[in-house]
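Welcome! Please take a look at the sequence and the 3D view, and then we can walk through some features together.

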Amino acid sequence: MIEIAVLGHGVVGSGVAELLLKNASGIARRAKTEINVKYILDIRDFPDCPYKDKFTKDFDVIVKDADVKVIVEVMGGVHPAYDYIMQGLRAGKSAVTSNKELVAEKGAELLKTAKENGVNFLFEASVGGGIPIIRPLHQCLAANEIDEIAGILNGTTNFILTKMIKESMPFDDALKMAQELGYAEADPTADVDGHDSCRKICILASLAFGSHVYPELVHTEGIRNITLDDVLYAGNSGCVVKLIGQAHRTGDGKIFVRVGPALVPHESQLSSVDDVFNAILVRGDSTGDVVFYGKGAGKFPTASAVVGDVIDCINARGNIDSLYWTDSGKDNVAYAKSESVVMYIRCAINRDVSAEKINDKFGGVTFLSHDGQRPGEAAFLTAKMPECEIDELAEGLSLLSKIRVLESE
């Protein structure tokens with residue numbers, strides 16, 4: 001029997017405990033031993049819980065118990081999660097987490113400490129919940145050079161945009177519905193402002209390209225400013241609006257990473273991903289495009305990924321060295337606006353700005369329209385050029401929206 005400890009008894013933590021009890025025999029078969037939750041760390045009391053005897057408020061009890069071989073961290077946030085995991089790794093215990101913020105901020109350091117101590121730090125559930133993506137990247141696709149990763153990494157924003165696209169629901173109403181259905185938090189900032197997607201693409205880019213990508217270096221935009229007009233113009237241009245995280249290696253060896261809304265052409269495999277579903281497209285030099293698809297969150301999908309990592313820790317013979325990246329010194333991320341893009345722009349038309357002047361200013365554009373188009377505005381697609389040049393050309397315009405166009409595969 002292997003003893004483990006679970007740090008946190010919220011949605012995911014309770015799901016892990018319940019899953020280990022419900023599927024105990026199948027999990028034991030795959031782990032080749034029984035797995036027992038010896039401790040659950042939480043500051044709250046759960047007097048009605050069927051396993052209430054397992055709760056503790058003292059992490060020292062866990063880290064000093066030699067029988068505990070794996071620590072599962074599902075608390076969220078960087079501290080004290082980082083401190084607890086670091087202590088556990090140094091004590092020779094493997095660690096598993098679903099905490100995307102922690103991995104995005106401290107992944108390189110925790111992986112290095114795990115390797116030095118001959119144990120593992122695994123985090124499959126930190127990106128995509130129950131969608132397998134971390135393990136395929138460092139094992140199944142290991143023979144590939146990864147050229148690019150692009151994905152819909154946040155179910156909440158995808159749900160909101162789907163309602164806007166398919167039901168012409170304004171952003172505020174779609175957000176309210178997402179909150180009522182439990183898809184969005186009371187404070188939706190991390191989702192709608194792109195921070196959640198940023199953390200996830202940082203983790204994927206770090207693993208795919210080998211050096212740590214810090215979230216604060218990534219150009220990140222959310223969807224708060226997307227309007228129904230933008231959705232309609234996009235639809236008439238053969239696109240849908242999605243929040244996309246992207247990463248690829250640049251010609252000078254740096255990593256290009258960006259998060260923001262994008263007009264996604266219907267030819268793209270990402271265009272048909274709706275509601276709370278996520279999809280991650282990985283382009284390898286040998287495999288071509290591989291898409292990972294599913295619900296990106298939820299109690300049991302996420303708990304399933306966590307328990308899968310626990311099983312891998314138990315079955316591993318020492319450190320799994322394919323799951324690793326180095327620290328970067330924060331000098332490895334390319335300037336996002338040097339990338340050449342096609343841009344959708346919506347702006348006001350007045351006596352100083354006409355359609356003809358816009359066309360001349362940008363050296364030729366494609367104008368867009370939709371039924372019910374507002375008088376006094378224009379929407380158009382630019383030619384492909386560095387985004388910083390587009391910004392310069394757009395100076396003096398009364399901008400209403402500016403959204404990149406995702407190149408179709």
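## A buried arginine

Arg-258 sits in strand β10 (residues 255–265); helices (H or I, at least four residues) and strands (E, at least two) are DSSP runs, numbered from the N terminus. This is a predicted model, in which local features need pLDDT of at least 70 and side-chain atom pairs count only at pLDDT 80 or more, while totals for chains, interfaces and linings use all residues. Residues are numbered from 1 along each chain as its sequence is written, and side-chain values use heavy atoms, with hydrogens and water left out.

Is Arg-258 buried or exposed? With a relative accessible area of 5%, Arg-258 is buried. Here buried means under 20% relative accessible area, exposed means over 50%, and partly exposed is in between (1.4 Å probe, protein chains only).

Leaving aside neighbours within four places in sequence, the contacts of Arg-258 include Val-218, His-219, Ala-336, Val-341 and Arg-404; a contact means heavy atoms within 4.5 Å. Gln-246 and Glu-387 are also among the contacts of Arg-258. Gln-246 is twelve residues away along the chain from Arg-258, and their C-alpha atoms are separated by 5.4 Å.

## A lysine in a helix

Now for Lys-163, which is found in helix α7 (residues 155–167). Lys-163 counts as buried, at 13% relative accessibility. A polar contact of 2.8 Å joins its side chain to that of Glu-167. Setting aside neighbours within four places in sequence, Lys-163 is in contact with Ser-168, Met-169, Ala-174 and Met-177.

How far apart are the end C-alpha atoms of helix α1 (residues 11–22)? They are 16 Å apart, which agrees with the 16 Å that its twelve residues should span at 1.5 Å a residue. The expected span is 1.5 Å times one less than the number of residues in the helix.

Among the buried residues of α1 are Val-12, Val-16, Leu-19 and Leu-20. The elements that cover the buried residues of α1 include β1 (2–7), α2 (24–31), β2 (35–41) and α12 (299–315).

## The nonpolar cores

A nonpolar core is a set of buried Ala, Val, Leu, Ile, Met, Phe, Trp, Tyr and Cys residues joined through side-chain atoms within 4.5 Å. The largest one has 103 residues, and Ile-4 and Leu-204 have the most contacts inside it. Helix α10 gives the most to this core, with eight residues. Apart from it lies another core of 14 residues, among them Val-341, Met-343, Ile-358 and Met-385.

Which residues touch Ile-4? Leaving aside neighbours within four places in sequence, they include Leu-20, Ile-35, Val-37, Tyr-39, Val-68 and Val-310.

## Salt bridges

How many salt bridges does the structure hold? There are 28, a salt bridge being a side-chain nitrogen of Lys or Arg within 4 Å of a carboxyl oxygen of Asp or Glu. Here are some of the pairs.

| Pair | Closest N to O distance |
|---|---|
| Asp-196 and Lys-200 | 2.8 Å |
| Arg-283 and Asp-289 | 2.7 Å |

Lys-112 and Glu-116 both lie in helix α5 (residues 100–116), four residues apart, about one turn of the helix. Lys-112 is partly exposed at 43%, and Glu-116 is exposed at 53% relative accessibility. Asp-196 and Lys-200 are separated by about one helical turn too, being four residues apart in helix α10 (residues 195–209). Both Asp-196 and Lys-200 are buried. An α-helix has 3.6 residues a turn, so residues three or four places apart point the same way.

Arg-283 is partly exposed at 22% relative accessibility, and Asp-289 is partly exposed at 30%. A network of salt bridges links Glu-124, Arg-135, Asp-309 and Asp-312.

## Cysteines

A disulfide is a covalent bond between the sulfur atoms of two cysteines. When a disulfide is taken as a pair of cysteine sulfur atoms within 2.5 Å, the count comes to zero. Cys-198 is in no disulfide; the nearest cysteine sulfur, that of Cys-202, is 4.1 Å away. Cys-198 counts as buried at 4% relative accessibility, and Cys-49 counts as buried at 12%.

How values were computed. Polar contact = N/O pair within 3.5 Å; in protein donor to acceptor, adjacent residues only side chain to side chain.
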